[in-house]
Every structure is written in structure tokens, then in C-alpha cells.
Amino acid sequence: MLLLLFNFLHVGVMLDMPCGRHCSAEVENQWLGVSLSRRQQDGLVLACGHRWKNVYFTKKEDLNKLPHGVCYKLESDLNQSSPLIPCYRDHENKFGNDFASCQAGISNDLIVMGAPGTLYWTGSVFVHNISSQITSAYLDDNVVLYGSYLGYSVSAGHFLHPNSTEVVGGAPQYGQTGRVRVNTICFFSFAPFSQLGSYFGGTVCAVDLNTDGLSDLLVGAPMFSTVREEGRVYIYMNQGQANMKEMEFTLAGRDSYAARFGESITSLGDIDDDGYPDVAVGAPQEDDLHGAIYIYNGRKTGLGQYFSQRIAGSALGSAFKMFGQSVSGGIDVDGNGYPDVAVGAFLSDSAVVLRTRAVVVVEAMILLPPSVNRTHALCTENGQPAICLKTSVCFHGALKGLSHICVPHAEILYNLTADVKHIEGLQSRFFFNTNGTELSNATAGSIKTRHGHMTCVTHLAFLRRDIRDIFTPIHFELQYELGEHNVVRDNSKSFPPLRPMLQRGEEYSNLLTNKTVFTRYCAWANCSTNLQVTHRDMPYVALGEGKTILLNVTLSNAGDAAFLPMLHLRYPSNLYFIKVLDAEEKYVSCKIAEEEKRSVGLDCSVGNLFFNTLAKVYT
């Protein structure tokens, strides 16, 4: 991602705007912009200031100011705005009573507004219908306790059915532990959650993590503490009909001291192009109030437990403070086909736009023959017949977004390694002749792939001479990365181009392996050998009859070829081995076997690596 600072757009606030028969606006210190959202379909923007006050009765009767809160509805061109004051009621003049101090607009999503100050801070949620211009309030003081702050956070999603819309409201002060309510469906307690003062429900985010058509729910508890206010985010997967199941893990970022991780949560859209929406979580007080945001990637099972990217406010070239207090996503500001991310750092009076780089999705393959025939030399190496293995490396690219930066193809850099799982202590059985002299089991290269096309390159791996292991499969390993690209600015765009990146994630790895085996020709089931040992019958040997003893042994194979056959001979310790007659002609090599530093016999290898069917050797 790349940093880009945006200029501020100041929304014109009408000091003399009409707000009702018994209404007089006080806009000073209203905290306009405490929440901000944009509807993707038509670009409608809602900017709220929850500390907007009605001072009509203060001027007339010297009563308390009434913090109704206000939201400004702006058209997509940001030039026309109209206020929404859902808490206003004619003749309502008592602070704390009903909706008089409801502070609407502390959070919003679509045209859903939270009003946590309603009815002595019991709280409520307003939903404004743009078509009918009707505003409805969700309030149930029989279920919600006084002082719960219902509506401190709000969201909306499809919890019952893909075609229905339900409203979510957080009540972080409920019972001093916090709860979340989805419309009038249920009031989640989310057992076993029970930590006091954690502000569970301080943030809520409805998002379909696994793309099953039903909204799942992320709930922030930014004041959750193991030492002090590290913060947590809880994930609830929708099993159908708003049956929410808590995942076995929570999100914690870096679990930093006083970070308040979970102070903001937002759906970013699919920024890594894997088909699942991704999520950003803010930790605005992390790193001594510099702040940070964490990116978590959606997947088929829900959400990954570990963040894929951490973006710190202190690493962006400016001394940002409270970076991550607010985060917004889902809008493609540069037109490259990927949604970008906006992050607020209000203690620095700044907002940052992080642009998403185009993602190159690469499918790679290693193509190998099913087996290697060690008896057929099909290649030449340094002018001599050689046994080789043709290895093809293939790449298929999906290059969404590269046309935006005028890149017709993607360059892939790769490293190919042969026989990566050979027996420890033995050298690799295959090598690449890269420059005619050096024998290495690794080679490197580059290849250019176009969108939707398969591109391959072939390498010859040569078999070393006199290898002894022909049982272990031959594993090849391929590792690849995206090469450098000379990006070109598109004249129709005002943003500088960004270099693309290779897709990462649980289902996408830039490391893969494949294997083949040595050919075996077998006549018996399961390639069974049948080694038989015979010798001239000698019932006994009398010591003192002679100085040397000649032992005649015959080894024969009545089954399939035997590889690396061994003949083990044991004799008394007062006998001493001299030699094997005609050992070189018979391919017999023996070494003395010892136990407790005493000679106890011989271990002999027979044949040149393998012992063929019906073969015999006399020793």
C-alpha cells in the first residue's frame, strides 16, 4: 500500500438552519465528523456531530442545553446537504428524559444512527428511510438497562435472510460488561465473555466474511485488559436465522499495552482479490498514541486469526497521533479495480488514504515424468551419454488491474531445486548444468506470463553417476516471486501508478513441490525380491587342522531385482578375516563388523548397486 494525504473538505454548516418550533442550534463543539460513512450505490454521505445542541429552552427558560446530535446528509457531489435531527421532539425540554439528550450520530452505517443518550443513557438506534423520509427508533427499556449506551456503535446487515436487513446496536455499558443487539431479534450476551469494563460492543461491524449471503458480526472490546486496555475483537459467524456462533479465537493485533485494539472496525471489501472481504481493525493508542491499523483477510471459514499487514502511524513519514481512530474502506479512489482505505488520525488533524496495489494471481506447476529410467541415456552432457529428467516449470497468470498501469504481462522470477529430500549425508542425485562446469542441484530463471495464458520453460536435470539411493522419491521444489515492472502512468488518471504484488494468503503459496520416482520393472506382486544363500555343508571346523579357512557362499535372486543387497556373515572372535577372492570381478565389497571393539564378522555389499532377477554370485 502507498500513503497519500488528502485535503480536507469542510461541510458548510448552517447556523440558522430550521430545526423545529422549539429549536435553536448550537454548533460550536458539536464534533462534526465524529462518524462518517458513504453509501456505495449512489455516493450518499452521512457526516454526524453527536454533540450538537438545542439551546432553545436555555435561552427561554434557563434550562439545560439538550444534546440531540445531528447528522448531515450530503449528495455525492458534496455540495448539497440537509440535516437529520432524529432526537428532536416539540416541547421536550427536560435533560435526560426520553430523547432529549440522546446524542444521535455518535456512530452510523448507511442511514442508521445511534443515540446512546436516550432515556438517561439507556440508548436507542434510529433508522431513517430516505424514500419515505420516516425515522424509526428502536428502544426497549424493558430489556435494555439504564446506562447501557445502546447505539454507541451501529451497523446493519443481512442476518435473517440475504434479502432482509437487520440493524445492529452496541451497548458497551450494559451491566458494565457490554452487549450487542440485533434489531428486535436477540440481545447477545455472548458467553463466556464477562470482563468488566472491557467496553464490549464499543464497535460493531456486520460483514459477510465467508460470502454465504448472510452477515457475520465483529464486535470490538477496546478496553479489554490483561495488563491495561490491550483490546480484543470477537468474531461471530452466522449459522442461519441470526444464530451467531463465536469463533474459537479472538483478534488481538500485537496485544500491545494500552493500544485499544478494536476501537474501530470496518469492512474493506476484497483487497487481495481472493473472493472474500477483508477487514481493518484500528488500535489508535498503540505505540504511545501514534496508532496503527491491522488488516485481516477473509476466507471460507471466516476470518484469519493472524493479521496479514500492520500499518503503523509512526512509519508513514509524519508524526501521526491516534492513527486508526477511524477507518473507512470499500471505495476505489484511483480506479485500479481494488478498494482503498482511508484512516483518520484526529490528534494530528489528518486523514490518510492508503491505496491498494493490484494483485497478480499466479498458478504455478512443476511438470515431471511419472518415472526416471536409469538404464536409458536419452541426453548428452559434456559430449557423453547421460540420464536426464525433463522438468517443466509453468505459470498461469490472472493480471486484474495491470492494464491500469499499462503492464501487458507479469514477469515471474523463480528458483528450481532438484532432489530437495535426498538422504542426509548423501549428495543430491540430480544436478543442473547451468554454465557447463558447475554442478548444482538448483537453477534460477525468469518468465513473462500474460493474462489468461499458460507459459512454460523446460530445464534438464542430469543424474549423477554411481548413485546408491534409487528408492527415495525425487522431489523438486519451486519458489517464485514477482519481478520488477516499469509501470507507466495512465494519462486518464491523476494518481501515480503503483507496482503490483503477488497474491498471498492461506490458499496461495509461492512455494510448491512435485515428485517422481525411479522406474522399476517387476514380475512379482509388490516388486518382491527372493534372495537365497547357500553354502557347502561343513558340520564343524576343528581348530588346529589348518591356518586358513575357505568359506564358499552362493547368493542368488529368484525374485525381482534387489537394490543395494547386503550379505552378513558372523563368526567367532578368534577368527580373523583375510580377503574375498576375486572381489572386484564379482562386485563384492566387505567391511569388518565390530561389537564392543571386537571383530564379530563381515558386512558385504553384493552387486553394482542392484542385483538382477536370476542373478548369482559365488564367493
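Student: What should I know before I start?

Tutor: Residues are numbered from 1 along each chain as its sequence is written, and side-chain values use heavy atoms, with hydrogens and water left out. Since the model is predicted, local features need pLDDT of at least 70 and side-chain atom pairs count only at pLDDT 80 or more, while totals for chains, interfaces and linings use all residues.

Student: How many disulfides does a search of the whole structure find?

Tutor: In general, a disulfide is a covalent bond between the sulfur atoms of two cysteines. Here the cut-off is a pair of cysteine sulfur atoms within 2.5 Å. The search of the whole structure finds three. One of them is formed by Cys379 and Cys388, with sulfur atoms 1.8 Å apart.

Student: Which parts does the pair Cys394 and Cys456 tie together?

Tutor: The sulfur atoms of Cys394 and Cys456 are 2.0 Å apart, and their link is right-handed, with 110° about the S-S bond. Cys394 lies in strand β33 (residues 388-398) and Cys456 in strand β38 (residues 454-463), so the pair ties together parts that are 62 residues apart in sequence. Strands here are DSSP runs (E, at least two residues), numbered from the N terminus.

Student: Is Cys394 buried or exposed?

Tutor: Buried means under 20% relative accessible area, exposed over 50%, and partly exposed in between (1.4 Å probe, protein chains only). Cys394 is buried, at 1% relative accessibility, whereas Cys456 is partly exposed, at 43%.

Student: What about Cys590 and Cys604?

Tutor: A disulfide joins them, S to S 1.9 Å. Cys590 is partly exposed at 22% relative accessibility, and Cys604 is buried at 6%.

Conventions. Helix = DSSP H or I, 4+ residues; strand = E, 2+ residues; numbered from the N terminus.
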